[in-house]
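The sequence and the structure come first.

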Amino acid sequence: MTIKLYHQVGHNANWNIDSFQDDNIGDGLILSPVHQPINQIEKLSSETKGCSFFDPQFYLPNSQKSKLQTYDFFPEVVSGGFSTIDFSASAHESAERCIAFQLGQNFDRVIIPARFYDQMIPNYVEQQEAYTVSPFLQCLKEIDLNKPVYMTLPVTDHMIKNTSYRSMILNWVTSHPEVDGVYVFVDIERRRKQIQDIDSIFEMLRFLADLKKADLDVVIGYSNTESLLFGLVGEISVTCGTFENTRMFSIDKFLESDDSRRGPRAKMYIPGLLNWVRINEAKEIKSVSSALWADIYQPTIYGDLAMSASKEPAFNQPNLYKDYFINFSKQICELSSCSEIERYELLRSWLKSAQDFYNKIESERIDLDLHSNGDHINPWLSAINKYAREHIS
């Protein structure tokens, strides 16, 4: 009942690639055309591509992002300017080109892309079928394929909280016997970096469990620390990313320039807190209580370099992210080695320990940033307890 970990590759892709190739972190890469032009994908080693896959990212088909324009199968490119009405004439050609690219690069699977809708449109299934699913499946029938096929399934938390809408999506996905798995992610409305809505976490777990019951392989993309909770549903794949736009989905990156955003304060992943903490606050905890620091953080060469730097590292420097990859992958590996009930018990113990650590930090008169103060811990406990009562005996 393995949990696999994939790098959700975004801007500064070399950090993920180095972590995978040099530090042996993760099982592969999910490559990102919105951040990597085609020549960068093509020059990756065959060994790396052979255990990775390519997300065509058709989420916003009329995106003008320059790197997407380097791919001749992207809807805006192949149709000479995307429109919903006109694309039907180009959909088969787009599918042919996209499949040929994925097979030519020898990725480990073929991904059928999808469009992202932020509303519960009544014809969601029909739109996805016409846009990509039908043309891709038709093209795949015409070739001798020896690789698994995955559908991309972008949904929102409102879709999976709505019983009838969720059933519609599940019935649609499971109606395609040619499909081996789903690459799914859930766009969740939130005010904080960590999800604090109990129902959103609980319904995600139920939705993922339903996909697993249908004998589909499940890859959960664009997830943050909540990936740990998804191990409760069994054998799955989760992701880790660098910047926040690879750890939570947003359509913004298909609209805005990376250069136009103001960079956030540098943060460090603290495994004992199941959260990211500003680097200056991490240093404060360590200086006030070395014993507490030893309880919540596992040192790595990259973390040591960041903590010992005379100047606070910028958010766009690699050490803090490479430190995160190592520490987060250790947690995933520990969960992966457990049975279903053991995973629940381990997660519950981690969450309860995190509660205690946050209380100790507060008792030391250290006030953490709004996004780092542990307000997600109780909702996560409630969500996994609710899920365990229903699904884990």
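The model is predicted.

Ser 94 belongs to helix α5, which covers residues 91-104. Is Ser 94 buried or exposed? Its relative accessible area is 0%, and buried means under 20%, so Ser 94 counts as buried. Leu 335 is 241 residues away from Ser 94 along the chain, and a distance of 40 Å separates the two C-alpha atoms.

## Overall dimensions and fold

The secondary structure of the protein chain consists of 16 helices and ten strands. Along the principal axes, the C-alpha trace spans about 65 × 50 × 35 Å.

## Burial, surface and charge

Of the 393 residues in the protein chain, 57% are buried. The accessible surface comes to about 16,100 Å². Carbon and sulfur atoms account for 45% of that surface.

The protein chain carries 38 positive and 53 negative charges. The mean position of the positive charges and that of the negative charges are 5 Å apart.

## Cysteines

A disulfide is a covalent bond between the sulfur atoms of two cysteines. The criterion used here is a pair of cysteine sulfur atoms within 2.5 Å. By this rule the number of disulfides is zero.

Two cysteines illustrate the result. For Cys 240, the nearest cysteine sulfur is that of Cys 333, 11 Å away, and Cys 240 is in no disulfide. Cys 240 has a relative accessible area of 1% and is therefore buried. Cys 338 is likewise in no disulfide, and its nearest cysteine sulfur, again that of Cys 333, is 11 Å away. The relative accessibility of Cys 338 is 15%, so this residue also counts as buried.

Notes: Residues numbered from 1 in each chain as written. Predicted model: local features only at pLDDT ≥ 70, side-chain atom pairs only at ≥ 80, totals over all residues. Heavy atoms only, no water. Helix = DSSP H or I, 4+ residues; strand = E, 2+ residues; numbered from the N terminus. Buried < 20%, exposed > 50% of the residue type's maximum accessible area, 1.4 Å probe, protein only. Areas by Shrake-Rupley, 256 points an atom, 1.4 Å probe, with all protein chains shown as cover. Lys, Arg positive; Asp, Glu negative; His and termini not counted. Charge placed at Lys NZ, Arg CZ, Asp CG, Glu CD.
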